[in-house]
Amino acid sequence: MRSHQKLLLENKAWAEEKKQREPDYFERLAGGQQPEFLWIGCADSRVPADIIVNAEPGLIFAHRNIANQVIATDFNCLSVVQYAVQVLKVKHIIVCGHYNCGGVKAALSHQRSEFTLLNKWLLHVKDVYRLHRAELDAIDSFDEKANRLVELNVIEQVNSLAYTSIVQNAWREEERPLVHGWVYALDDGLLKQLVTLEPDSEIDRIYQWDA
């Protein structure tokens with residue numbers, strides 16, 4: 001049996017089990033979504049948002065990309081943020097990175113010429129390194145340096161969200177959402193909270209939008 005065929009069979013088994021346990025489960029899901037959380041995470045296959053927080057479908061609206069970036073010119077990510085904040089009215093946005101992140105490690109290394117698009121994407125992580133070069137260069141271990149860059153990158157992406165007019169308008173008008181920065185440890189499955197920005201958080205004036 002091919003691997004993709006196994007996935008289809010697993011889907012059928014899962015759907016049947018769900019219907020046996022909760023006959024109206026899929027009917028309720030089909031009725032619409034009201035997620036409380038927007039999750040911006042890494043595309044790494046080992047960090048599925050719903051599973052690591054033991055959440056049922058419908059609780060988390062999710063966007064994933066390499067190294068969990070929030071970039072002002074990424075209309076895909078910003079469209080997700082806008083829909084989540086303005087339409088779904090989420091109460092929380094979580095940016096979640098993870099230790100031992102391949103994208104972050106690649107950003108700490110010399111670029112490989114064949115990865116032209118990936119190199120451009122990882123420039124944003126390199127910018128985080130440049131901003132915190134003194135702290136990171138003082139760390140001798142490559143793995144420890146990469147893991148600290150993972151944390152700093154999460155914090156910078158939380159700040160990037162706070163710099164958007166989408167979030168600032170929601171803060172001003174509805175006093176939501178809270179914006180959190182978390183990091184996930186692959187070796188023990190635990191999440192660590194790094195930072196939380198609330199609607200009254202002070203934003204550098206250069207990034208403030210007029211009402």
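**A first chat about this fold**

Trainee: Hi! I clicked on Ala67 to start with. Where does Ala67 sit?

Mentor: Ala67 is in the loop between strand β2, residues 60-65, and helix α4. Keep in mind that this is a predicted model.

Trainee: Thanks. What is the phi of Ala67?

Mentor: Phi of Ala67 is near 65°, which is a positive value in a residue other than glycine.

Trainee: And is Ala67 buried or exposed?

Mentor: Ala67 counts as buried because its relative accessible area is 0%, and the cut-off for buried is under 20%.

Trainee: What about Asn68, where does that one lie?

Mentor: Asn68 lies in the loop between β2 and α4. Asn68 has a positive phi too, of about 45°, although it is not a glycine. Its relative accessible area is 2%, so Asn68 is buried.

Trainee: Let me zoom out. How many helices and strands does the protein have?

Mentor: The protein has 9 helices and 5 strands. Reading from the N terminus, the order is α-α-β-α-β-α-β-α-α-α-α-α-β-β.

Trainee: What box do the C-alpha atoms fill?

Mentor: Taken along the principal axes, that box is roughly 55 × 50 × 30 Å. The protein has 211 residues, and buried ones make up 38% of them.

Trainee: And which share of the contacts joins residues at least 24 apart?

Mentor: It is 63%, counted among contacts between residues at least 6 apart in sequence.

Trainee: Okay, the inside next. How many residues are in the largest nonpolar core?

Mentor: That core has 24 residues. Leu38, Ile40, Val81, Ile93, Leu161 and Val179 are the ones with the most contacts inside it.

Trainee: Which elements each supply at least two residues of this core?

Mentor: They are β1 (37-42), α4 (75-87), β3 (92-98), α8 and α9 (165-174). Helix α4 gives the most, with 5 residues.

Trainee: What else lies apart from that core?

Mentor: There is another core, of 17 residues, and Cys101, Tyr129, Leu136 and Leu152 are among them.

Trainee: Back to Val179. What is Val179 in contact with, leaving aside neighbours within four places in sequence?

Mentor: Val179 is in contact with Ile93, Val158, Leu161, Val167, Trp171, Val195, Thr196 and Leu197.

Trainee: His180 is next along. Where is it placed, and what does it touch?

Mentor: His180 is in strand β4, residues 178-184. Not counting residues up to four places away in sequence, His180 touches His92, Ile93, Ile94, Val95, Val158, Gln193, Val195 and Thr196. The side chains of His180 and Thr196 are also joined by a polar contact of 3.0 Å.

Trainee: Is His180 buried or exposed?

Mentor: Its relative accessible area is 8%, so His180 is buried.

Trainee: I noticed Pro177 on the way there. What kind of peptide bond joins Arg176 and Pro177?

Mentor: A cis peptide bond, with omega at about -5°. Pro177 is in the loop between α9 and β4.

Trainee: Changing topic: how do α6 and α8 pack, at what angle and how far apart?

Mentor: Helix α6 (residues 116-131) and helix α8 (residues 142-162) pack at about 105°, with their axes 10 Å apart. That makes α6 roughly perpendicular to α8, because angles from 65 to 115 degrees count that way.

Trainee: Which residues meet there?

Mentor: From α6 come Val125, Val128, Tyr129 and Leu131, and they meet Leu149, Leu152, Asn153, Glu156 and Gln157 in α8. By class, the contact has 6 nonpolar, 2 polar and 1 charged residues.

Trainee: Let's look at Leu131. Is Leu131 buried or exposed?

Mentor: Leu131, in helix α6, counts as exposed because its relative accessibility is 55% and the cut-off is over 50%.

Trainee: One last stop, Glu17. Which helix is Glu17 in, and what does its side chain join?

Mentor: Glu17 is in helix α1, residues 3-21. A polar contact of 2.9 Å joins the side chains of Glu17 and Arg21. With a relative accessible area of 38%, Glu17 is partly exposed.

Methods:
Residues are numbered from 1 along each chain as its sequence is written. This is a predicted model: local features need pLDDT of at least 70, side-chain atom pairs count only at pLDDT 80 or more; totals for chains, interfaces and linings use all residues. Side-chain values use heavy atoms; hydrogens and water are left out. Axes are lines fitted to C-alpha atoms, for helices over the stretch in contact, and angles run from 0 to 180 degrees between N-to-C directions. Helices (H or I, at least four residues) and strands (E, at least two) are DSSP runs, numbered from the N terminus. Angles under 35 degrees count as roughly parallel, over 145 as roughly antiparallel, 65 to 115 as roughly perpendicular and the rest as oblique. Contact means heavy atoms within 4.5 Å. Ala, Val, Leu, Ile, Met, Phe, Trp, Tyr, Cys and Pro count as nonpolar, Asp, Glu, Lys and Arg as charged, and the others, Gly among them, as polar. A nonpolar core is a set of buried Ala, Val, Leu, Ile, Met, Phe, Trp, Tyr and Cys residues joined through side-chain atoms within 4.5 Å. Buried means under 20% relative accessible area, exposed over 50%, partly exposed in between (1.4 Å probe, protein chains only). A polar contact is a pair of N or O atoms within 3.5 Å; within protein, one must be able to donate a hydrogen and the other to accept it, and residues adjacent in sequence count only if both atoms are side-chain atoms.
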